[in-house]
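Please walk me through this structure from one end to the other.

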Amino acid sequence: MNEHSDHGVAVAGGLLATSLGPRLSALGTYFGETVRQALGGASAADGDGPTAEMNIALHLPDGSIIWPVQRVIKRFRNGPEDSIAFYGAPLGLTDTSTNRRRWFRRCG
């Protein structure tokens with residue numbers, strides 16, 4: 001996100017420069033699924049119109065509800081101060097740097 005956006009503006013030639021809406025939706029869905037796999041819970045869309053994907057809610061086992069797509073959009077608009085990682089920390093998500101290193105070794 002840091003490399004491809006700057007406070008609500010897609011960087012020219014970056015991954016968010018085209019198809020911004022679908023890409024932010026995909027990132028938010030991925031974030032939500034990552035949280036769901038780590039903590040459990042169930043996703044539910046609120047509505048069925050063209051903006052329904054923005055309102056996907058993740059109901060966590062402890063009763064909390066988060067809106068991952070809206071969070072990714074907020075991160076895009078506001079920049080690093082609305083970090084996805086910092087958002088996930090109070091939810092109980094752990095540091096993924098070990099998993100990330102393992103993934104890079106597999107792909108590299």
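Predicted model: local features only at pLDDT ≥ 70, side-chain atom pairs only at ≥ 80, totals over all residues.

The chain has four helices and three strands. Read from the N terminus, the elements come in the order α-β-β-β-α-α-α. The chain holds 108 residues, and buried residues make up 23% of them. Now take the contacts between residues at least 6 apart in sequence. Of these, 41% join residues at least 24 apart.

Start with helix α1. This helix covers residues 20-39, which is 20 residues. Which residues of α1 are buried? They are Leu24, Ser25, Gly28, Phe31, Gly32 and Val35. These residues cover an arc of only 125 degrees around the axis, so they lie on the same side of α1. An α-helix has 3.6 residues a turn, so residues three or four places apart point the same way. On the other side of α1, Pro22, Tyr30 and Gln37 are exposed.

What do the buried residues of α1 pack against? Their partners are β2 (57-59), β3 (65-66), α2 (68-78) and α3 (84-88).

Take one of these residues more closely. Serine 25 belongs to helix α1. Its relative accessibility is 9%, and because buried means under 20%, serine 25 counts as buried. Leaving aside residues up to four places away in sequence, serine 25 touches Glu53 and Val69.

Now turn to the pair α1 and α2. Two packed helices are described by the angle between their axes and the distance between the axes. The axes of α1 and α2 come within 7 Å and cross at roughly 125 degrees. The two helices are therefore oblique to each other. In this crossing α1 passes α2 in a right-handed way. On the α1 side, the contact is made by Leu20, Leu24, Ser25, Leu27, Gly28, Thr29, Phe31 and Gly32. On the α2 side, Pro68, Val69, Arg71, Val72, Ile73 and Phe76 make it.

Helix α2 has its own buried set. Its buried residues are Pro68, Val69, Arg71, Val72, Ile73, Arg75 and Phe76. They pack against α1, β2, β3 and α3.

Arginine 71 is worth a stop. This residue sits in helix α2. Is arginine 71 buried or exposed? Arginine 71 has a relative accessible area of 14%, so it is buried. With residues up to four places away in sequence left out, arginine 71 touches Phe31, Asp82, Ser83, Ile84 and Tyr87. Of these, Phe31 is one of the buried residues of α1.

The ends of both helices come next. Just after α1, glycine 40 takes a positive phi of about 90 degrees. Just after α2, glycine 79 takes a positive phi of about 90 degrees.

Stay with glycine 40 for a moment. Glycine 40 lies in the loop between α1 and β1 (42-44). At 23% relative accessibility, glycine 40 counts as partly exposed. What does glycine 40 touch, not counting residues up to four places away in sequence? The answer is Val35, Leu60 and Pro61. Leucine 58 is 18 residues from glycine 40 in sequence, and their C-alpha atoms are 9.4 Å apart in space.

Most residues other than glycine have a negative phi, and most peptide bonds are trans. Histidine 7 has a positive phi, near 45 degrees. Serine 19 has a positive phi too, near 55 degrees. Where in the chain is histidine 7? Histidine 7 is found in the segment before α1. Serine 19 is found in the segment before α1 as well. Histidine 7 counts as partly exposed, at 43% relative accessibility. Serine 19, with a relative accessible area of 46%, is partly exposed.

Conventions
Residues numbered from 1 in each chain as written. Heavy atoms only, no water. Expected span 1.5 Å × (residues − 1). Buried < 20%, exposed > 50% of the residue type's maximum accessible area, 1.4 Å probe, protein only. Arc of directions from axis to C-beta. Contact = heavy atoms within 4.5 Å. Axes fitted to C-alpha atoms, helices over the stretch in contact; angles between N-to-C directions. Parallel < 35°, antiparallel > 145°, perpendicular 65-115°, else oblique. Left-handed = near helix turned anticlockwise from the far one by under 90°.
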